[in-house]
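Keep the structure open while reading.

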Amino acid sequence: MHKLESKNVNVYYGASQALKDINITIDNNTVTALIGPSGCGKSTYLRLFNRMNDLIDNIKIDGEVLIDGKNIYEKGANVDSLRKNTGMVFQKPNPFPKSIFENVAYGLKVNGISDNKIIEERVETSIKQVALWDEVKDKLKKSAFELSGGQQQRLCIARALAIQPSIILMDEPTSALDPISTSKVEELIYELKSKYTIVIVTHNMQQAARVSDHTAFFYLGELVEYNATKELFTNPKVERTQNYITGRFG
Amino acid sequence: MDNIDENKLTKRKKRTQNISFFILGFLGYTVLFILVVILGFIVVKGFSAISWDFLTKMPEEGMTKGGIFPAIIGTLYLVLGSILFAFPVGVLAAIYMNEYVKDGIIKKVIKQMTNNLSGIPSIVFGLFGMSLFVNKLGFGDSILAGSLTLGLLVLPVIIRTTEEALKSVDDTFRHASIGLGASKWQTTKNVVLPIAFPNIITGLILSVGRVSGETAPILFTVAAYFLPKLPHSIFDQAMALPYHLYVISTSGTNIEESRPIAYGTALVLVMIVLITNLLANALRKYFSKKVKMN
């Protein structure tokens with residue numbers, strides 16, 4: 001069974017179609033990169049997996065999106081527990097205006113965990129997982145805004161890990177970061193792969209090539225090509241993919 | 001050739017800049033000047049009337065002597081009462097409008113109604129308050145009826161400022177919270193409201209100023225012409241500063257003699273508004289600091 005799967009997925013924003021008949025399967029413990037020019041539908045596709053698209057008015061979603069073989073758009077599906085199982089990292093580091101500790105603890109608290117011991121333990125583990133512990137252990141009570149952009153983004157990843165998801169969705173997680181912070185986040189993605197299934201939207205082709213096992217190229221709402229990353233970048237089957245990855249358009 | 005043209009151009013630009021700076025500066029200072037003159041006028045005329053007795057004693061001898069204590073207390077009660085009613089109702093309404101209702105006709109209609117509500121003359125609120133709270137619901141001329149009427153008056157102000165405050169909270173915070181499995185209410189309560197709160201306080205400040213100064217809505221709902229005792233319950237009538245000011249300047253027993261008291265009353269009213277504004281500002285600063293540190 002595949003970890004993630006989409007079957008004949010169509011998405012409409014009002015009258016315009018954002019995704020056209022997308023079929024993809026994603027295996028456990030892999031990193032999948034979604035690439036393509038702005039407006040191609042890759043972010044929309046990413047947000048199908050934690051139903052964040054539900055927040056948009058006038059959206060219509062057709063087809064099946066499966067996690068562990070279960071259609072998450074089924075009537076009566078539990079959206080909150082779905083989101084608990086899918087940690088999300090956003091384009092801009094967006095820690096809450098709370099302390100470093102509270103940022104990571106937040107997801108636990110809203111999901112009903114009130115035992116302080118468990119919370120403290122999980123917060124520590126999560127921050128250690130993103131290799132931020134040594135930098136923040138003495139200032140957990142300080143505002144998360146005092147951290148640098150790169151540290152903030154790693155904190156946001158820790159925040160997503162704390163609720164113990166099995167899937168991590170990343171929407172251009174390094175586009176607002178400097179090169180050093182970017183490489184730290186990329187290393188982190190590589191390490192997290194052993195425990196999680198990761199889907200990452202990126203504008204940066206080198207990044208897709210560096211971190212991902214599979215790459216999907218979207219263009220104007222269509223899935224143009226989906227293949228092993230190595231294969232897609234060295235031997236693209238479709239000319240449009242070739243043109244995009246060599247920078248002839250984008 | 002080119003050089004000369006450039007010089008001319010620079011000169012002309014500079015001249016236009018100087019002229020516009022002068023006009024803008026002049027207008028800016030004029031506004032400031034008017035404000036200072038009004039405040040100065042009230043302070044100069046009213047200061048001599050201010051004394052400990054004036055602030056703490058009942059009016060005497062047909063309101064030409066004595067103090068304005070019951071009017072001060074009445075105004076404070078009315079401010080407190082109307083805010084207690086309007087603040088929670090307004091903030092919750094704004095939360096509902098901004099966080100829950102989808103964009104569409106219903107939202108547009110409610111918004112338009114709120115805007116219209118803020119355009120209704122305050123005397124109409126007074127009449128409405130009289131017929132509903134005083135007569136229909138039987139509260140009589142009372143602090144309760146007056147507070148509710150004033151509360152209705154400032155409701156649109158609170159709704160509007162709260163909505164603006166909520167709108168200015170970046171969606172990315174909402175998404176982060178919902179992405180962690182939080183419900184909409186958890187997100188609103190734990191993330192959105194704390195961020196918006198300092199700006200919501202602004203609405204509170206504006207309302208306090210408005211409520212303490214309004215005369216028309218309290219005219220038929222609570223204000224007493226002369227009542228030399230403090231109210232004992234929310235069903236009592238009360239004196240209030242703006243109405244007291246109106247009474248002793250237009251229909252007192254001896255208008256000439258009570259002139260200093262009128263200016264003193266005006267000064268106290270202005271001071272109350274000023275002090276509450278400062279307090280609310282401090283509150284706002286405190287909350288914006290708390291948002292950052294916590």
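In this predicted model, chain B puts 20 residues into its contact with chain A, and chain A answers with 24 residues. On the side of chain B that touches chain A, H7(B) gives the most, with 6 residues.

**Contact between the chains**
- Three elements of chain B give two or more residues each to the side that touches chain A: helix H7 (171-179), helix H8 (184-213) and helix H11 (259-293).
- By class, that side of chain B holds 10 nonpolar, 7 polar and 3 charged residues.

**Domains of chain B**
- Chain B splits into domain 1 (1-47) and domain 2 (52-293).
- The C-alpha centres of domain 1 and domain 2 of chain B are 36 Å apart.
- Contact between them involves 5 residues of domain 1 of chain B and 5 residues of domain 2 of chain B.
- The side of domain 1 of chain B that touches domain 2 of chain B consists of 3 nonpolar, 1 polar and 1 charged residues.

**Domains of chain A**
- In chain A, the assignment gives domain 1 as 1-85 + 167-173 + 196-250, and domain 2 as 91-164.
- Their centres, taken over C-alpha atoms, are separated by 27 Å.
- Domain 1 of chain A and domain 2 of chain A each bring 5 residues to their contact.

**Helix H6 of chain A**
- Helix H6 of chain A covers residues 149-162, 14 residues in all.
- From first C-alpha to last, H6(A) reaches 20 Å, close to the 20 Å expected at 1.5 Å a residue.
- H6(A) is mostly covered, with 13 of its 14 residues buried.
- Gln164(A) follows H6(A) and has a positive phi, near 50 degrees.

**Val123 of chain A**
- Val123(A) sits in helix H4 (residues 116-129) of chain A.
- Why does Val123(A) count as buried? Val123(A) has 23 C-beta neighbours inside 10 Å, and the cut-off for buried is 20 or more.
- Leaving out residues up to four places away in sequence, Val123(A) touches Phe101(A), Val104(A), Ala105(A) and Ala162(A).
- Ile56(A) is 67 residues from Val123(A) in sequence, and their C-alpha atoms are 31 Å apart in space.

Note on methods:
Residues numbered from 1 in each chain as written. Chains lettered and ligands numbered in written order. Predicted model: local features only at pLDDT ≥ 70, side-chain atom pairs only at ≥ 80, totals over all residues. Helix = DSSP H or I, 4+ residues; strand = E, 2+ residues; numbered from the N terminus. Buried ≥ 20, exposed ≤ 12 C-beta atoms within 10 Å, placed from the backbone. Contact = placed C-beta atoms within 7 Å. Domains from an automatic or database assignment. Nonpolar A, V, L, I, M, F, W, Y, C, P; charged D, E, K, R; others polar. Expected span 1.5 Å × (residues − 1).
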